[in-house]
Amino acid sequence: MIRPTARVVGFAIIGVAALFASAITRRPEPAVVAAPFLTLGLVAMVALRPPQVAAAVAVEPARLLQGEQVRLSLTLATRGGTGRVRVELDVPAGLRLDEGERCTELVVSTRLTSVTWMFTAVEWGATRSVRLQVTVTDLIGAYEQRAELTSGVLRVLPREERLRGIIPPRALRSISGAHLSRQRGDGIEFADTREFAAGDRARDVNWRVSARRQELWVDDRRPERSGEVVVFLDTFATVGDTIDNTLRRTVEVAAAITDRHISANDRVGLVDLGGVLRWVRPGGGTVQLYRIAETLVETEAWASGADKTVDVLPARALPRRCLVVAVTPLIDARGVEAIRTLRARGFDVAVIEVAPQGFLSPQSDARSELAHRLWELERHAVRTDLRHQGIAVGEWLPGEPLGPVLDAIGVFRTAVLRSAR
Amino acid sequence: MRGVATATPHRLAALSFVTAVFVAASVVVASGAQPAVASATLVSIALLGAGLVIGLPVLVVAAALGMVGAYSGAVGVDGGSGGLEVLVVAPALWCSVEAALRSMDLRPAVTADGAAHLSWVGVVAAVLVGTVAAGLVVRSLGESAPGGGLTFRLLSVGGVVVAAAAVALVGIRRAQADRSRSSRAVGSAGP
């Protein structure tokens, strides 16, 4: 809707008042004082209207990794004269404006005009759209027309920490991958030597051992296989503020683990058990990586008092022989109980604990200090109980590398396997 | 141009205030320092300052109305000083109001591009020239035709206003035609 601005209304009032003053005082000077106001008012009334401007907003790319740049461009096609366009940006949280102005004014005429801004995605997540308030006025600012434009939703995926370590699943598939199988077969890793048997290939003969023993001996090798992994997110509760909290760190760890296992040719799935239950069935390849990443960026901690268990999960979300990597802050009993249940049902479970200590405010008095110590003892008891059930628990302090935690989990799992034998 | 543009709101606000003080001084001198006129100008200056600080166009318009009232009082009481002061008061008052409103336009950290600044400066310059022309017409009429009467002089001012508006319209149309011609030369395509 085209409407007059405060400028032209004010000019009209001043002009008319000066004309009245001129008539009352019977002097022409007040009319001269009103001349500029009347002139502009007359021009505005007779001829000026804001031009018709068609605007289009584009964001490129709409999906990017944390830390990458995104370009927002506004294209203005003007018809019906010359005018001024003012564009005000409402930058959502999670984006930082690198190039361009938050509020800019430019003159447009009968041609295409484009304005671009560059943002950096500083936080991952399903970032809300960038809103643009566009105000079109005529050249002297007498009339204006406003419109609000919204760009498409940006999806900023978390940048995965490059992990070197990996938690190998115990049960492997017959498809080649990056985990050493306990079985013998074709592979690179040396396992053992044994006497030659009918059907062995000549290239497996270990000539050095054969010469020493005066009979044919062959090498056994361990094949590299892939497995199935389900990343289990405990999103019942979070500790921290809106900028940094255990939930964000949990998702980052989950993204890093997913990326590492996908690159190892594993099939990876996702289960998000919290206020909202979501899952992604296991799959492999880059498409699956993006599928999981897109699910992860929408992860939120929903307050829920419902007693949710893993019973509500469909069977195909948790394959029978998969490795379940639970990423949890271990602060909600429902999440801990779900992990126990999974283990009791025979799943191979490993837990990466996102330690919430760094997100807590310091204890101010003796009572809160005591409460904190009790809380720590309780968490320690939970950890010990999980380990007694054969679940490897690695405590990860946000900000520190994840590799040593994975190594510690691997050592524990190996020890459990040896003791089981 | 961008560096200049970021400081523009403050500069324009200062320009507005300085010209308003200039108008007030001229009005007070023209009125022979009458207490009522001096009070009215002081109130107007205070209103303008408050409007500039708060960012309210209503206060600026009220300040301008106060100035017009004070000036009318000044010329009504002593019959004016031969129309000379109007050549100062009229352009300075308009410049003060326009600079104040423009500073408010640019206040939320607006970065105007060069063309936007130039277009505003062009409008201001054209209106100032028209105002001075109107003042000169009134003054010359007062000298050459002292018996012309108020209606005759007001019609003269109206004629100048209409002529200025016509010139402004022709200028705007020509500017639009030039811009569209230059855009065709560049070869931009429609959406």
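**Briefing: a surface patch on chain A and the interface of chains A and B**

In chain A, the residues V16(A), F20(A) and I24(A) together make up a nonpolar surface patch with an accessible area of about 340 Å². The structure is a predicted model. In this model, 48 residues of chain A are in contact with 61 residues of chain B.

**Nonpolar patch on chain A**

- One of the patch residues, I24(A), lies in helix α1 of chain A, which covers residues 6-25.
- The relative accessible area of I24(A) is 70%, so this residue counts as exposed, the cut-off being over 50%.

**Extent of the interface**

- The size of an interface is often expressed as the accessible area that is lost when the parts come together.
- Between chain B and chain A, the buried area is about 4,500 Å².
- Carbon and sulfur atoms give 71% of that buried area.

**Polar and charged pairs across the interface**

- Three salt bridges are counted between chain B and chain A.
- A salt bridge links R7(A) with E98(B), and its closest N and O atoms are 2.4 Å apart.
- Four residue pairs, with both residues at pLDDT 80 or more, are in polar contact across the interface of chain B and chain A.

**Elements of chain B that face chain A**

- On the side of chain B that touches chain A, at least two residues each are supplied by α3 (57-78), α4 (86-105), β1 (110-112), α5 (114-144) and α6 (149-186) of chain B.
- The largest share of this side comes from α6(B), with 16 residues.

Methods. Residues numbered from 1 in each chain as written. Chains lettered and ligands numbered in written order. Predicted model: local features only at pLDDT ≥ 70, side-chain atom pairs only at ≥ 80, totals over all residues. Heavy atoms only, no water. Patch = residues over 30% accessible without salt bridge, like charges linked within 9 Å, V, L, I, M, F, W, Y side chains within 5 Å. Areas by Shrake-Rupley, 256 points an atom, 1.4 Å probe, with all protein chains shown as cover. Salt bridge = Lys/Arg side-chain N within 4 Å of Asp/Glu carboxyl O. Helix = DSSP H or I, 4+ residues; strand = E, 2+ residues; numbered from the N terminus. Buried < 20%, exposed > 50% of the residue type's maximum accessible area, 1.4 Å probe, protein only. Contact = heavy atoms within 4.5 Å. Buried area = accessible area lost by both parts, 1.4 Å probe. Polar contact = N/O pair within 3.5 Å; in protein donor to acceptor, adjacent residues only side chain to side chain.
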